[in-house]
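User: Please go through the terms applied to this model and set each value against its definition.

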Amino acid sequence: MNSIFRKSMLSVAGLAFAGGVFAGPVAAHADVTPVKTTPVAAVQAEKPDTGKLIPHGVQGDQSRIDLNDEQVANTKAIIAATKKAGMDERAAVVSIATALQESKLENLGHLGDRNDHDSQGLFQQRPSSGWGTVEQITDPEYSTTAFLKGLKQVDGWQDMPLTKAAQTVQVSAFPDHYAQWEQQAADLVAKYWNS
């Protein structure tokens with residue numbers, strides 16, 4: 001077999017020919033020096049766009065709290081339930097801001113004399129108002145899904161300021177208090193949406 005034909009056939013087969021040594025099984029006896037490689041960092045998906053998270057800008061003074069492991073886990077549970085419900089990052093911001101106002105992202109049980117009626121869980125939902133059983137509303141996935149179901153029923157919630165969208169679902173005695181958590185909620189969604 002002539003060498004030009006051989007080189008052509010090898011290149012068609014995807015094998016390299018260099019200095020008389022084939023790359024591949026034939027080169028098994030060749031002196032191979034290991035190539036030092038540098039680890040490649042995993043490329044993380046881009047964070048959600050701030051304009052999508054806070055389309056109307058924040059309203060009023062903003063509050064912020066440090067979160068413990070339980071609160072971070074609840075944040076991640078809200079985000080997972082939002083994705084599972086097929087809703088976007090803005091829905092997660094509204095949900096997290098609501099839970100920050102209602103419970104500081106703590107899955108609260110009955111608080112005795114300090115309880116607001118029979119409100120419990122992340123969103124302080126009430127079994128007596130039809131949100132579900134105590135077991136259900138203290139389950140982060142269930143309570144988030146219930147909140148999101150209510151949010152979906154609010155016509156144009158995507159175009160409303162956060163506090164109006166949250167209040168329409170929650171019917172709180174303090175309707176403007178949700179707004180103070182919008183920046184922290186957006187920061188949390190930006191941090192954990194793709195994790």
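**Values against definitions**

User: Why is Lys104 called partly exposed?

Analyst: Lys104 has a relative accessibility of 31%. Buried means under 20% relative accessible area, exposed over 50% and partly exposed in between (1.4 Å probe, protein chains only), so Lys104 counts as partly exposed. The model is a predicted one, in which local features need pLDDT of at least 70, side-chain atom pairs count only at pLDDT 80 or more, and totals for chains, interfaces and linings use all residues. Residues are numbered from 1 along each chain as its sequence is written, and side-chain values use heavy atoms, with hydrogens and water left out.

User: Is Gln124 buried or exposed?

Analyst: Its relative accessibility is 13%; Gln124 therefore counts as buried.

User: How do you know that the length of α4 agrees with that of a helix?

Analyst: Helices here are DSSP runs (H or I, at least four residues), strands are runs of E of at least two, and both are numbered from the N terminus. The expected span is 1.5 Å times one less than the number of residues. For the 15 residues of α4 this gives 21 Å, and the end C-alpha atoms are 21 Å apart, so the two agree. At the start of α4, a side-chain oxygen of Asp88 comes within 3.2 Å of the backbone nitrogen of Arg90.

User: Why is Ser95 called buried?

Analyst: Ser95, in helix α4, has a relative accessible area of 0%, and therefore counts as buried. In α4, 14 of the 15 residues are buried. Contact means heavy atoms within 4.5 Å; leaving aside neighbours within four places in sequence, Ser95 is in contact with Ile78, Thr82, Phe123, Phe147 and Leu148.

User: What makes the pair of Ser95 and Ala91 a polar contact?

Analyst: A polar contact is a pair of N or O atoms within 3.5 Å; within protein, one must be able to donate a hydrogen and the other to accept it, and residues adjacent in sequence count only if both atoms are side-chain atoms. A polar atom of the Ser95 side chain lies 2.8 Å from the backbone oxygen of Ala91.

User: What is meant by the largest nonpolar core, and which residues have the most contacts inside it?

Analyst: A nonpolar core is a set of buried Ala, Val, Leu, Ile, Met, Phe, Trp, Tyr and Cys residues joined through side-chain atoms within 4.5 Å. The largest one has 36 residues, and Val94, Ile96, Leu151 and Trp157 have the most contacts inside it. Helix α4 gives the most to this core, with eight residues. Beyond four places in sequence, the contacts of Val94 include Phe147, Leu151 and Trp157. Phe147 and Leu151 are among the buried residues of α6, whose cover includes α3, α4, α5 and α7.

User: How do you know which elements the predictor is confident in?

Analyst: The guide is pLDDT, the predictor's confidence in each residue, from 0 to 100. Its mean over the protein is 80. Among the elements, α3 has the highest mean (98) and strand β2 the lowest (38). Over residues 1-43 the pLDDT is below 50.
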